[in-house]
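Here's a quick walk through one model, from a strand pairing up to a chain contact. Have the viewer open as you read.

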Amino acid sequence: MKRLRSIEDFESLQSRIMTDHDAAVPTIVIPAGTCCQASGANDLIRVAKRELLDKKLTDTVRLRITGCQGFCQMEPSVLVEPRGTFYPKVGMKTMARIVEYVARDEVLADELFMSPDTGEQIERQEDIPFFRNQVRTILSRNEKIDPLFIYDYINNQGYSTLAKVFKMADPDWVINEVKVAGLRGRGGAGFPTGLKWEFLANQANGHGKFLVCNADEGDPGAYMDRSVLEGNPHGVIEGMIIGAYATGATGGVIYVRNEYPLAIKHLIIALRQAREVGLLGENILGTGFSFDINLVKGAGAFVCGEETALIRSIEGKTGEPRQRPPFPVQKGIEGKPTAINNVETWANIPIIIEKGAHEFAKIGTENNSGTKIFSLVGKAKYTGLVEVPMGTTIKRIVYEIGGGPVGDARIKAVQTGGPSGGCIPADLFDIPVDYDSLSKAGSIMGSGGMIVMDDNTCMVDIAKYFMNFLKDESCGKCFTCRKGTQRMYEILDDISQGHGTLEQLQLLEELAQVVKDTTMCGLGQTASNPVLSTLRYFREEYLAHIQDQRCPSGVCRALITYSINEKCKGCQLCLDACQQDAISGKKKELHFIDQSKCIKCGACKSVCKLDAIDVV
Amino acid sequence: MINLIINGLPVSVEEGATLLEAARFLGFPIPTLCYIDGLSPYGACRLCVVEIGEGPKAKLVTACTYPAEEGLKVRTASSRVIKARKMILELLLASCPQSKTIQDLAAAHGVRRQRFRQEYEDCILCGLCVRMCEEQMMAKAIGFRGRGQNRSVGTPFDIQSDICRLCGGCMYICPACQLRCTYTEPEKAVCGGCENLSPPCLEKEQFDDMMCYMDPCVACEITKD
Amino acid sequence: MKEENFLSIIGKHQAHLGGLISILEDIQTEYSYLPEQALRLVAQETGFSLVDIYGVATFYKLFSLKPRGKHLISVCSGTACHVRASSGVVEEFEQRLQINAGETTPDGEITLVTVNCLGACALGPIVVVDGYYFSNVNRQMVGEIIDNARAGIDRVDVDTDERIFPIEVSCPHCNRSLIDKNFYIDGYPSIRVTVSFGRRHGWVRLSCLYGSYSVEQEYEVPIDTIVDFFCPHCHAELSGVSDCTSCGAPMISAFIPGGGVLHICSRRGCKAHMLDLHGASL
């Protein structure tokens, strides 16, 4: 790759690439993010390549491997451009047929997405309700770009906002744009990004300043950062270079969690290519401005998402948060001023510069501008990544985009914000999703996990799950966080076993409040949220466990029994599935569960095709 | 100099001073457990929490680590602070019932009972020993290992450290090992120290003429109730 | 376990930000755990105290102080996987392997761990075996996954697997075909190239099946050696423009008549390769 020495060099390269690119050539797009690969995208890629080579189509049909497009439930999927045809759940045989049809510019009608409500087939991706109801300013870039090739990004207007900023040559203008756009940090707390940059810009620049991209997406159930890094790493890099130019930062760090190998791989390639082209490093595009980005891998600790712990981890130490003040923007990495922003925040920067601050501010609501990506997962019909303007109601996200509940179940809550967030009950689904409304409802925006829960989800069990998570993930320094989460878990465990008492419930509430009050970092201060929010909205479930020794959702093992009803035809599937030999019965006769042997693992229920196993 | 207000009283302290230092300068008592003069403040036990700020932004911070800020309003004994301290002491008692230091602190704060399942972990991970070893003995033979519920203090690989000089500094400073409650069933007694007298003051006819220095004495308070 | 290996890892990262964690990560990747000897060496070389290094090694979940099995099975226990019953999957693995999560089977074959979130939440429960992802896992699939893990997850059956197909390659310099019709591997004509490493110089024949790693060689190339590849006709070096994303060694490239470039990692034992159908145009 040739190193670009000036802004003009870059612009001529960009226009050359863009003129060379013929958008009319039929292109098969195969998303291959981690989740796509988990459902078999790699096999599709191989089959597509085999067919293209075999049928000598490499000149007439293009193949593009991209990052995740978000409709994970339907993966592995294939998109055909320029028609916009979407094929869900594609198998290897179908892939071969798709290649054949694309070459003839035809649509393989029997493999299209079928609307479950109307039964009609929908050809184009943008007409599918899941996509139609979103505003995909960030995610839509994923499907346009092969993340392994910087030229592909440049071809899609990539780095042109950086060129624009360089031409403007006014760092204050950039900060002002970000401020006017009203962008708030997408990592959870919602601190205004422009303000943070201004603080950093105002720090003395004696020994260097750092910008950090926080990609330690530890919140279980959230994966939008992974998707953005895998699908569009250059978008984040471009955002960071712009940020560095605005704030005078001299060094950048992207801190990625180790559990995201593909994101790490794509970032390494993207950073190397950006360096080779001259968009990172010394004297970027001949402007005299220098900035480089290091990739630092996490080593598996949720608490490292907290700013001060993240800094310590970047320095190679244990991820123990420290007292703020001094804030990272005063004293960060190696004592130097440091501003930390989340992946999604960085990905928004080129969009703000491209659209203009005022246009950007029009998306969403006042004080909550722009779009936000949520990972809509759990018990919804369509799960995946969903990008909507801030202020969209939960109802719209869960029902119109997510398609509502799976089967006959009734959705009872969504959990947002991961272990730091809380559960929002279904009767509050009309609240808009923004920083302030969610926190008023006792939860937080967090990084954007949205886990749908239906009547088969036990709220005591969920609170217990999060406490179990947090008692492991607490760094252990603050006594109240370390011991408090352990004690809350202990009480919740008692309740789920049926030995809980009303006094314990009272103690749990008191303790939760004290843990919230007396711990130092964000992890501890929000650790009680799962308990407090479930107590606030689902107290009757707690009481059912304590007073009636009953788990209404049929989850807590100590309080449920499995039995076989008359629907049983004696197929023996459950008998084979039971590892405990607790099920007996002759072929074609009603089976029976020996309660003394049953460990309530639910294996029988998961294999029964006749709905013959009751859980009470 | 930095001017701030503690419990309504203005005070000026040097830059870099902590809230604990400022409060103690004014004579306001703030209980501490993991803080000792001569070792760097760490903020592990959370016992020294005080309330800062006003309105919805009011929050609790540890006085030992929080730097004095210009104009800050600090309350060292608001009801929120007292409630938090009592709960912390209850949690401490539940983990380490035999520490006389903790027993005394609990008694002094009017903690009468402990509602959690009793444990005998003893170590409360206050980190005094770790800092003692590093900062005063210049050894760094012990440190924290693990995280969350698996956090512990000890030597690498749990074997005798070649740096350790067996100076005993860690044991000397430990609030759990140093003074042990000698009552036979410490978990049942939040005794404020009197149970450690011999004979214990509960056998009160023997103490009729003795001026008790325990204040407040939980045993007496309970009798009064 | 050689001291030089550790020293080279330490040297690579020492000056960098987050150096200590990177050093430990590399040792962990190389040996699947952190040997005591290695940690003592790190302390000696970097000047960090052993207490701090041990603290870091036990703080982060990635590191293990005990040797791990040949195969690593990670079960995701993120929230989304949890509400879809991943705890039952963990239980099934524990029962079948007769170990608890976090332990290794006595035969040293399989280590079972739970991880907090692998970021494929829409498809939970997720299980990862040696880097290969399984989605929507239920209890019934567990037995098969274990069998797969024991057999080696990237094992392919070249005869029946439809993901495997023959490709033709030619030298990017002289354009002559590298296919050797007289020498068959996997039932197809092989790709012949000349390689040199150290002072050795000889032929290597690779399977022309994309996805097969079968190879025959004149001289046994030791694992991990980076070799230079040459065209057997014009003797030009088949050097590429990029480095391997898995191991960092240079990738070699060869043309595919009809369009595209095949990139293969030049390190013996590294399985990275990429078939780029449109690469020629860039």
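## Ground rules

Two strands pair if DSSP finds at least two bridges between them. Strands are DSSP runs of E with at least two residues, helices are runs of H or I with at least four, and both are numbered from the N terminus.

What you see is a predicted model: local features need pLDDT of at least 70, side-chain atom pairs count only at pLDDT 80 or more, and totals for chains, interfaces and linings use all residues. Residues are numbered from 1 along each chain as its sequence is written, while chains are lettered from A and ligands numbered from 1 in the order in which they are written.

## A sheet in chain A

Start with A413(A), whose bridge partner in β16(A) is P425(A). Strand β15 (residues 411-416) of chain A runs antiparallel to β16(A), and four bridges join them.

Zoom out and you get an open, mixed sheet of five strands, ordered β14-β13-β17-β15-β16 in chain A. β14 (384-389) and β16 (422-425) of chain A sit at the edges with a single partner strand each, so one side of each has no neighbour in the sheet.

## Domains

An automatic or database domain assignment sets the domain bounds. Chain A gets five entries, including domain 1 (24-81 + 85-123) and domain 3 (365-454). The centres of these two domains of chain A, taken over C-alpha atoms, are 30 Å apart.

## Where chain A meets chain C

Residues are in contact if their C-beta atoms, placed from the backbone, lie within 7 Å. Here 69 residues from chain A and 51 residues from chain C take part. Helix α3 (residues 41-54) gives the most on the chain A side, with seven residues.

How values were computed. Two residues are in contact if their C-beta atoms, placed from the backbone, lie within 7 Å.
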